[in-house]
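The following note sets out points for a colleague who is examining the model.

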Amino acid sequence: MAVEAPPRPPSTGLAPSHPALDPRIPSGPLGQKWERRKFEMKLVNPANKRRYTIIVVGTGLAGAAAAASLGELGYQVLSFCYQDSARRAHSIAAQGGINAAKNYQNDGDSVERLFYDTVKGGDFRSREANVYRLAEVSANIIDQCAAQGVPFAREYGGALANRSFGGALVSRTFYARGQTGQQLLLGAYQALMRQVAAGQVRMHPRTEMLDLVLVDGKARGIVVRDLVTGAISSYAADAVVLCTGGYGNLFYLSTNARGCNATAIWRAHRHGAFFANPCYTQIHPTCIPRSGEYQSKLTLMSESLRNDGRVWVPRKKGDTRPPDRIPEDERDYYLERIYPTYGNLAPRDISSRAAKHVCDEGRGVGPGGLGVYLDFRDSFERLGRKVLDDRYGNLFEMYERITGDDPHQVPMRIYPAVHYVMGGLWVDYELMSTIPGLFVGGEANFSDHGANRLGASALMQGLADGYFVLPYTIGDYLVRAGRTKVDDTHAAFRDAEATVQARIRSLLDIGGTRSVDHFHRELGNLLWNDCGMARSRQSLQHALAEIPKLREAFWHGLKVTGTGEELNQELERAGRVADYYELGELMCLDALEREESCGAHFRVEHQTEEGEALRDDAHFAHVAAWEWRGPGQRPVRHQEPLAFETVALQARSYK
Amino acid sequence: MRIVLDIWRQRSPAEQGKFVRYEVPDVSEHMSFLEMLDVLNARLVEKGEEPVAFDSDCREGICGTCGFMVNGEAHGPLTKSTICQTHMRHFHDGQVLRLEPWRAAAFPIRRDLVVDRSALDRIIVAGGYVSVRTGSAPEANAILVPKPAADRAMEAAACIGCGACVAACPNASAALFTGAKISHLGLLPQGQPERPLRVLAMSAQAAAEGFGHCTSIGECSAVCPAGIQLEVIARMNGDFIRAALSRRDEQEPMATVPRSSPVRARTAERQQKVE
C-alpha cells in the first residue's frame with residue numbers, strides 16, 4: 001500500500017463522490033424528516049411478514065432490540081452471537097447511563113438541545129438528519145425500557161432520576177446504578193427471549209459469522225462457524241443486519257471485551273460495503289492504568305465519576321509524594337483550570353488529551369508516570385460517604401478489587417484507554433450499507449457520533465437503531481427489493497463456505513511458534529503509539545510501513561494448536577487478528593489523509609496555539625468512505641459531503 | 001510467586017477427562033487470575049501443547065461469561081467477585097490450586113473448564129420478561145415506582161447469569177438465578193400482570209432442565225458475585241404458592257360463552273338425548 005498522501009482533496013460541494021454514497025436524507029425541515037420518511041415507506045402485508053427471513057448478527061443493544069422488534073412484527077428472525085448467551089454481549093459493560101431529551105429536570109433540555117450537543121460533541125462531523133432523529137426517538141427509548149422493567153434510578157417521589165454527563169450543561173442521563181448497560185441489555189435480551197418463546201426468533205449462540213454472502217449484488221446470507229463443533233454452515237435470508245460492535249480491540253488493550261472483533265464488518269467491507277471514518281477512535285479518559293506486560297484488557301471507570309471527582313496532578317514534575325501529602329496549592333486541577341465552564345465534565349477527547357499532555361510534561365502519577373488522580377475527597381466532605389456510595393458504590397468496589405487501593409482513602413489513579421469507535425461501515429439514513437440488503441446498527445455503523453461520541457450516547461444510539469429505526473427501514477427495503485427465493489443450496493453459499501474453510505486451514509497450517517496474543521499485542525502497541533491519542537504524518541507513515549512487516553511475521557510465525565473441528569479458542573482469535581492487520585492499515589491511511597484535527601482524531605500538525613484541535617471545514621467537512629479494491633491494493637477514498645443547514649459550524653469550545 | 005495448578009482437562013464431552021498439573025513460576029501479584037492462565041496458555045502454545053479452554057469475555061465482572069471452581073469454591077476465594085476480577089495478590093507463593101468446571105447435570109461440559117449454560121436462557125424464555133411490544137410503552141413517568149422498590153428491584157436485577165449459584169449448590173439448584181429474575185420483575189408495577197404465570201412457568205422450566213430443588217443451604221448466595229441474597233428465593237416461593245393456589249386459567253368462568261353456534265349446540269343436545 002502506498003503511503004504518500006495525495007494533494008488535498010477539494011471540497012466537493014454537496015454531491016457524493018460515488019453514486020453509492022447517496023445518504024437518502026428525506027427532504028423538508030429537520031424536525032419533519034423522520035415522520036415524512038416513515039410515511040413514505042412501503043409496508044409489508046402483515047400476512048406476508050412470516051415469509052421473510054432476516055438475519056441479525058450480534059445481540060448487544062442494537063442487535064437484540066432489532067431482532068426482538070422484527071420478531072414482534074412477524075418476520076422470521078435468525079439471531080447469532082459468538083457468546084454462549086445473548087445476554088453477554090459487550091453492551092452489558094456500559095456503566096454510566098443513557099441520554100434522553102425528556103427535560104424531566106426542567107433545566108432547559110429539548111430535542112433541539114440534545115441534537116445540538118451531539119453535533120457539537122461530534123465536532124461537526126456527523127449528519128444532521130441522523131442526529132436529529134436520534135434525539136427525537138431518545139424519549140421513546142426511556143419509555144420502552146421503563147415498561148420492560150429496567151430498574152432505573154428513581155427519586156423519592158417515584159419519578160425517574162437523572163445525572164449529568166460530559167459535554168452537556170443539562171442533566172439528561174438516565175441510569176441504573178453503575179450498571180446501566182447491563183440493565184438495558186437485559187431488557188432487550190428479555191424482549192428477545194420472549195420472541196424465542198413465541199417462535200419468531202431462532203437463537204444461534206456460540207456461532208461466529210465468518211463471511212457475508214451476496215447473490216445478484218444483494219446481501220442474502222452469511223457463513224458461520226459453530227464455535228463448539230467447528231462446523232461451517234450457511235444461512236440464507238432476505239436481509240442481513242450487522243450489529244456486531246466496534247473494532248477497538250484492534251489496539252489489543254482496550255475496554256472492549258476479549259471477544260469483541262471486527263470480522264463481521266470487515267468481511268462485509270471486502271464484499272463491497274464502504275468503511276467510513278476508520279480513524280475516529282475514541283480514547284476514554286477515565287480507565288484504570290495498566291499494570292504490566294501480561295495485561296489482557298483495560299477497565300473503564302465510568303465518566304459519571306467526574307460529576308463528583310476532581311481530576312488533578314502535582315504542579316511539580318516528578319513529585320513522588322503520596323497524594324495526601326501534597327498540599328492544596330501544589331495541586332493542579334488542570335481541567336477546572338483550562339476549561340472553567342465544563343471543568344471535570346469536559347468531553348472525552350478533550351479530557352484524554354489533557355491527561356496525556358500533563359503526563360508528557362512529566363507530571364503524571366503512579367508507575368511510569370502514566371496516570372492522573374481522580375479525587376473524591378472534597379465530595380466526601382460535602383456530601384458524605386453514604387451519598388457517594390449510593391451513586392458509585394460498585395465502581396469504588398471494582399476499583400479496589402483491581403488495584404488493591406480504596407478510593408475512600410486515596411484518590412483513584414486513571415489514564416485514558418481505547419474505548420469506542422465512531423468509525424464503522426458507511427450507512428445511509430435508513431442504516432443500509434452500500435450493499436443492498438445489508439443493514440448496520442449500533443457501534444458497527446458510523447452514523448451518529450461524528451468525530452467524537454458524548455458520554456451516555458452509545459446506549460441511546462444502539463437502542464434507537466434497534467427499536468425505532470431498523471424495524472421500519474428493513475420492511476421498506478423488503479417491499480422495494482421484491483421477494484426472490486434464495487436458499488442456502490445456492491452456489492454462492494458453497495463458494496463462500498469453501499473460502500472460509502480454506503482460510504481456517506491456512507491459519508492452522510502456518511506452523512510457527514508464537515501464540516496469537518503475541519502478534520496481537522505487537523500490532524496493538526504499534527497502533528497505540530502511532531495512531532492513538534495524537535497522530536502525526538510521521539507516526540502514521542511509520543505505522544503504514546510497519547504493519548505489512550507485522551502481518552508477514554504473523555503469517556509465518558503463528559502457531560495455532562488443535563484442529564478446526566472442535567472448540568478452539570486460539571483459532572477463533574487468530575481469524576480475528578488476521579483481519580486487524582488490514583483494518584489497522586485502513587485506519588492509519590484514513591488518519592493520514594484527514595489533514596485536520598477533529599474530535600478524537602488529533603493530528604499534531606493541526607492545532608491551535610493553545611493545543612486545541614484545529615478543524616479544516618473547507619476541505620474536510622465530509623465523511624471519508626473507503627472502498628476495498630482487493631488484497632494488497634490501495635483502497636479508494638470517497639466522500640460524502642456533510643451539509644450543515646441548521647447548525648452553524650464553529651470552533652468547539654468548552655472553556 | 002510460583003503457582004501450581006491442577007486443571008481439569010477434557011477434550012470433548014465424549015472423552016474422559018483428568019487433572020493435569022502445571023506450574024507458573026513467575027506470577028505477578030497484579031495479574032488477574034485469568035491473565036495468569038493467559039500466560040500459562042501462551043507458553044503451552046509455544047511448546048506445541050493445547051492451551052486450557054476457559055470462557056471469559058468482558059473481564060470486568062459484569063458479562064457473566066467466566067467462572068470455574070478454584071479449590072472447590074465457585075469463582076475462587078474472594079467473596080462478591082468473579083474469577084476475572086480476582087487478582088493474584090490474594091494467593092501465596094507455592095500455593096496449589098485445583099481448577100474444575102462448573103459441575104451440574106444441567107450444565108454439560110464442552111471442553112476443559114467450558115460448560116454449556118443454555119439451560120439458564122431457557123428459564124428466561126419460559127417467562128423472564130414483561131410482555132411489552134416495541135412502541136407500545138406509556139410515558140415513562142406515567143407509572144411511578146417508589147424508590148425503595150426500584151432500588152430492591154435493581155439489587156435483584158444485578159444477577160450476571162454466571163451459574164456460580166448452581167455450581168456451588170449441593171443440589172445444583174438454579175433457585176437463586178430464577179428467584180432473582182422473579183423478584184426483579186415482581187417488585188415493579190410493570191411486572192405485576194404476568195407475575196403468577198411467570199413464576200409457574202419459570203419454576204417448571206428449571207425443574208425440566210434438571211436443576212435440583214432448593215433446600216435453603218445458602219451456598220449460592222455465599223458465592224454470588226452480585227451479592228444476591230436468599231430473600232429472592234423466599235419471594236419466589238411466596239409467589240409460587242400464591243400463583244399455584246389461584247391458577248387463574250383453571251378457575252370457573254365468570255360467564256359461559258357459547259363454544260359453537262347455538263343451533264348446532266341444540267342439535268347436539270338433542271342427539272345426546274336420543275342416544
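This is a predicted model: local features need pLDDT of at least 70, side-chain atom pairs count only at pLDDT 80 or more; totals for chains, interfaces and linings use all residues.

**Notes on helix packing, domains and the chain contact**

1. In chain A, helix H14 (residues 537–557) packs on helix H15 (residues 569–593) at an angle of about 165°, and the two axes are 9 Å apart. H14(A) is therefore roughly antiparallel to H15(A), and their crossing is left-handed. On the H14(A) side, the contact is made by Arg537(A), Leu540(A), Ala543(A), Leu544(A), Ile547(A), Leu550(A), Arg551(A) and Phe554(A). H15(A) contributes Ala578(A), Tyr581(A), Gly584(A), Glu585(A), Cys588(A), Leu589(A), Ala591(A) and Leu592(A). Sorted by class, the residues of this contact comprise twelve nonpolar, one polar and three charged.

2. The residues involved are Ile504(A), Leu507(A) and Leu508(A) from H12(A), and Leu571(A), Ala574(A), Gly575(A) and Ala578(A) from H15(A). The contact of H12(A) with H15(A) holds six nonpolar residues, one polar residue and no charged residues. Ala578(A) is named in this contact and is also listed in the contact of H14(A) with H15(A).

3. Is Glu582(A) buried or exposed? This residue lies in helix H15 of chain A. Glu582(A) counts as buried because it has 20 C-beta neighbours inside 10 Å, and the cut-off for a buried residue is 20 or more.

4. Chain A is divided into domain 1 (284–419) and domain 2 (501–628). Their C-alpha centres lie 29 Å apart, and the contact takes six residues from each of these domains of chain A. Which helix gives the most to the side of domain 1 of chain A that touches domain 2 of chain A? Helix H8 (residues 348–360) of chain A does, with five residues. By class, that side of domain 1 of chain A has one nonpolar, two polar and three charged residues.

5. For chain B, the division is into domain 1 (3–111) and domain 2 (118–250). The C-alpha centres of these two domains of chain B are 30 Å apart. In their contact, 18 residues of domain 1 of chain B meet 16 residues of domain 2 of chain B. The side of domain 1 of chain B that touches domain 2 of chain B consists of nine nonpolar, six polar and three charged residues.

6. The contact between the chains takes 68 residues from chain A and 66 residues from chain B. On the chain B side, at least two residues each come from helix H1 (33–46), strand S6 (109–111), H2, helix H3 (147–157) and H5. H1(B) gives the most to this side, with seven residues. The residues of chain B that touch chain A divide into 29 nonpolar, 20 polar and 17 charged.

7. Helix H2 (residues 118–125) of chain B is mostly covered, with six of its eight residues buried. Those buried residues are Ala119(B), Leu120(B), Asp121(B), Ile123(B), Ile124(B) and Val125(B). What do the buried residues of H2(B) pack against? They pack against helix H5 (180–197) of chain A, together with helix H5 (175–186) and helix H6 (195–208) of chain B.

8. Pro138(B) is placed in the loop between H2 and H3 of chain B. Pro138(B) counts as exposed because it has 12 C-beta neighbours inside 10 Å, the cut-off for an exposed residue being 12 or fewer. Leaving aside residues up to four places away in sequence, Pro138(B) touches Asp143(A), Ala147(A) and Ile143(B).

Key. Residues are numbered from 1 along each chain as its sequence is written. Chains are lettered from A and ligands numbered from 1 in the order in which they are written. Domain bounds come from an automatic or database domain assignment. Two residues are in contact if their C-beta atoms, placed from the backbone, lie within 7 Å. Ala, Val, Leu, Ile, Met, Phe, Trp, Tyr, Cys and Pro count as nonpolar, Asp, Glu, Lys and Arg as charged, and the others, Gly among them, as polar. Helices (H or I, at least four residues) and strands (E, at least two) are DSSP runs, numbered from the N terminus. Axes are lines fitted to C-alpha atoms, for helices over the stretch in contact, and angles run from 0 to 180 degrees between N-to-C directions. Angles under 35 degrees count as roughly parallel, over 145 as roughly antiparallel, 65 to 115 as roughly perpendicular and the rest as oblique. A crossing is left-handed if the near helix is turned anticlockwise from the far one by less than a right angle, and right-handed if clockwise.
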